[in-house]
Amino acid sequence: MGKIIVKKNLPEIKYDASIEDSKHISLSKKYDLFINGKNLKTKKYFKTINPATEEMLSEVAYADNKDVNKAVTSAKNAFNKHWKKTKPSDRGKYLFRIARIIQEKAREFSVIESMNGGKPIRESKSIDIPLAISHFFYYAGWADKLNYIKTNSKPEPLGVAGQIIPWNFPLLMAAWKIAPALACGNTVVIKSAETTPLTLYKLAEIIQEAEIPDGVVNIISGDGKTGSYLVDNSEVNKIAFTGSTEVGKHIMKSTAGSGKKLTLELGGKAANIIFEDAPVDAAIEGIINGIYFNQGHVCCAGSRLLVQENIADLVIKKLKSRMNYLRVGNPLDKNTDIGAINSKNQLKRITELVKSGVSEGAEIFQPQCTLPAKGFWFKPTFFSNVSQAHRIANEEIFGPVLSILTFRTPKEAIEKANNTFYGLSAGIWTSKGSKVFEVLKQIKAGVVWANTFNKFNPASPFGGFKESGFGREGGVHGLLPYLKD
Amino acid sequence: MDKLSTFLKEFRNPVDEIGTKERAAFLSGRSIKNESKIDFIKLAVSMIDLTTLEGKDTKGKVFSICQKAKYPLPDDDSIGSVAAVCVYPNMISDVAKFLDGTGIHIASVATAFPSGQYPLKLKIEDTIKAIESGADEIDMVISRGKFLEGDYNYVYNEIKTIKQVCEETSKKLSDKKNQKIEVHLKVILETGELETYDNVRMASFIGMMAGADFIKTSTGKVQPAATLPVTLIMLEAIRDFYNETGIMTGMKPAGGIRTTKDAISYLVMLNETLGINWMNNKMFRIGASSLLNDLLMQFKKQKSGYYQSSDYFTID
């Protein structure tokens, strides 16, 4: 028995890397298009990388106009020959199958989503994949209950839905689009985002495993041009697009007069409003979650913080100290809070807008943290001393960059919140229930969260006002764009 | 900052129950592995107030617990002793004998623990006796009844009085023994009886303003005892009080912390709320009894790669 050791101070404690195992995933070296239930080779292939390491993960087929036409024809044939005659309850059965198989492979999907997109494994495991699964489950349940959506009208599918999804939540956005389309009896051609095609091709494997009839879901990949071929194809009956406002406007022009149904889910510059009577510590978490979730690559991100002036100092002080605990780094580390920026291009755009903030005189804050040498990274950032007149207060940055503005009264808060050409989401923080409802009524945004932020549920419709788009995804509302009026 | 501004700024800062629970759940999701797990385990052992608070406590029992406090792992001295032994006042003189010269602190519950439903005079007496018997840490309970009646002044004044008693008695004792004796006051809020997080935050501030060296969640006699969200509320109160006054207050969750995983969650929460300056046993304690053996078991597992049965760990 040794002498008694009374230890008073131990050295600083670090968290060792806790890396999610990625040995169990299976990725092909090359992915072909998935058309009519089969793999289709194309002339050109492009590389898809891990943005955290810049290492190549796979090569993916590039769909040109001819390939897109093949996909649309396949979807059209599937619709006419069998899918529109398939019993609604069978459509539900297929969707349930997809949901269950993703559930079984959730870990693999999470790891691939993080490797291809740069997002923290904690987020893909707890948000992206489970939410995608719940969307399939939710709309599976609707498939044979469409008669109850509207009175006195028989629900009829549109035909072929052309769907274009963004790179920030690849599988989740695919679920948002595929699940309601199939539930309503449409067939689908879906185009993955250029930088994050992999989980969609993993989904193609599941679609085969679930024995979804050939041609009901067709998966293609490529760039903006591929998307425009899909939009311009005259056999497509509906376009559902999630992405930038710029592209959205272009799609709206090119579909005008074509008879195609259209839904657009575009950019945002959400006001996250902190009133003086807010639960401040909870609000700090809401600010962090609002803007740094998924590196700020979130269309409904709370990127414009409106703080009542009399508590602005307190909020900024607490935010600064909280940000020092954010862990930036390897997306596959279970303790990572902020992962890699999705692409070089996006990093360039973020950097450019942050420079504009500095040159326009806003005050920048970034916590101390070391960024990995390889890959695309940006420190979590906020700007204080920002006014409505700053570029960073108006333009969507789509990165981990927050602009902090102040207001004096609730009326001013509402005016400033609405003083934007976007209208996707907003947040309200107050401990007064009456204030929540009073403000809520006056905010022009598709989703308003009270004392929380970035919460999603398949039963809850999501979509924008103004230049944030139109049409809703999720809930009963999410079925309507896939049915004839 | 003057007291009025502090009061106005902090007390109108309400607490959101759902947000607090979410944050606590988030922090308990941190994955602590490998070397850092060993560091956390060692740190947790060094922070334990090894506790026995039973009617059936005897000299023999406290002898055993003191021995365990000194040598948690008799065959491995890379694990140091625990921070303190915590007992009822009647046991203090025995504990003082067994721990003499070890540097391990001697904590006594006092002020009519656990209910606190006695006159102030007796509580003062209780405290003086405990210190004179050798306690250098007093774990007092607040008057929850008075708090729930809204008589915050009573609660504040009572804590302040006990704090004074601690100071005066230790000074007298120091003079008498001609050595410096310092007595720390831990204020038990008994959060399970205060129930709401707003109450917990309010009681934390009352305790700190009245001079608490530590604030502590529970007596262990009421359920729920320590929980992660309640601890978060108290840690945030400590941080806010520190930011306004510069005074560092310690924290002691107690009751219900039984596993290494629990202990690590508390330490992660501490690390990411108050930071490195609180990551030591001067500023953080864990009131526990069965936790120690789980920490030791995990420590051995971490070193050897195998779990050993409970027969390999002493039961004291």
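Chain A falls into two domains: domain 1 covers 30–266 together with 466–482, and domain 2 covers 271–450. The model is predicted, with an ipTM of 0.92 and a pTM of 0.94. For chain B, the mean pLDDT is 95, and 96% of the residues reach 70 or more.

Consider first how the domains of chain A meet. Taken over C-alpha atoms, the centres of domain 1 and domain 2 of chain A are 30 Å apart. Contact between them involves 19 residues of domain 1 and 26 residues of domain 2. On the domain 1 side, the elements that give two or more residues are α3 (106–117) and α4 (121–142) of chain A.

The next topic is the interior. In soluble globular proteins, nonpolar side chains tend to be buried together. The largest nonpolar core in this model has 94 residues, and the members that touch the most others are B:Ala44, B:Ile48, B:Val85 and B:Val187. Helix α11 (residues 228–245) of chain B provides the largest share of this core, nine residues. Another core, of 83 residues, lies apart from the largest one and includes A:Ile102, A:Phe109, A:Phe169 and A:Leu230.

With its neighbours within four places in sequence left aside, B:Val187 is in contact with B:Met140, B:Ile142, B:Ile159, B:Gly207, B:Ala212, B:Phe214, B:Ile215 and B:Lys216.

In helix α5 (residues 92–99) of chain B, the buried residues are B:Ile92, B:Asp94, B:Val95 and B:Leu99. Viewed down the axis of α5(B), these residues fall within an arc of 160°, so they line one face of the helix. They pack against four elements of chain B: α4 (59–70), β2 (84–87), β3 (105–110) and α6 (120–133). Just after α5(B) comes B:Gly101, which takes a positive phi of about 80°.

A:Asn451 has a phi of about 55° and is in the loop between β17 (447–450) and β18 (469–470) of chain A. B:Glu190 has a phi of about 50° and is in the loop between β5 (184–188) and α9 (191–194) of chain B. Their surroundings can be stated by counting neighbours. A:Asn451 has 19 C-beta neighbours inside 10 Å, so it counts as partly exposed. B:Glu190 has 26 C-beta neighbours inside 10 Å and therefore counts as buried.

One joins B:Phe113 and B:Pro114, with omega about -5°, and B:Pro114 is in the loop between β3 and α6 of chain B. Another runs from B:Gln223 to B:Pro224, with omega near -5°.

Conventions. Residues are numbered from 1 along each chain as its sequence is written. Chains are lettered from A and ligands numbered from 1 in the order in which they are written. A residue is buried if 20 or more other C-beta atoms lie within 10 Å of its own, exposed if 12 or fewer, and partly exposed in between; C-beta atoms are placed from the backbone. The arc is that of the directions from the helix axis to the C-beta atoms. Two residues are in contact if their C-beta atoms, placed from the backbone, lie within 7 Å. Domain bounds come from an automatic or database domain assignment. A nonpolar core is a set of buried Ala, Val, Leu, Ile, Met, Phe, Trp, Tyr and Cys residues joined through C-beta atoms within 7 Å. pLDDT is the predictor's confidence in each residue, from 0 to 100.
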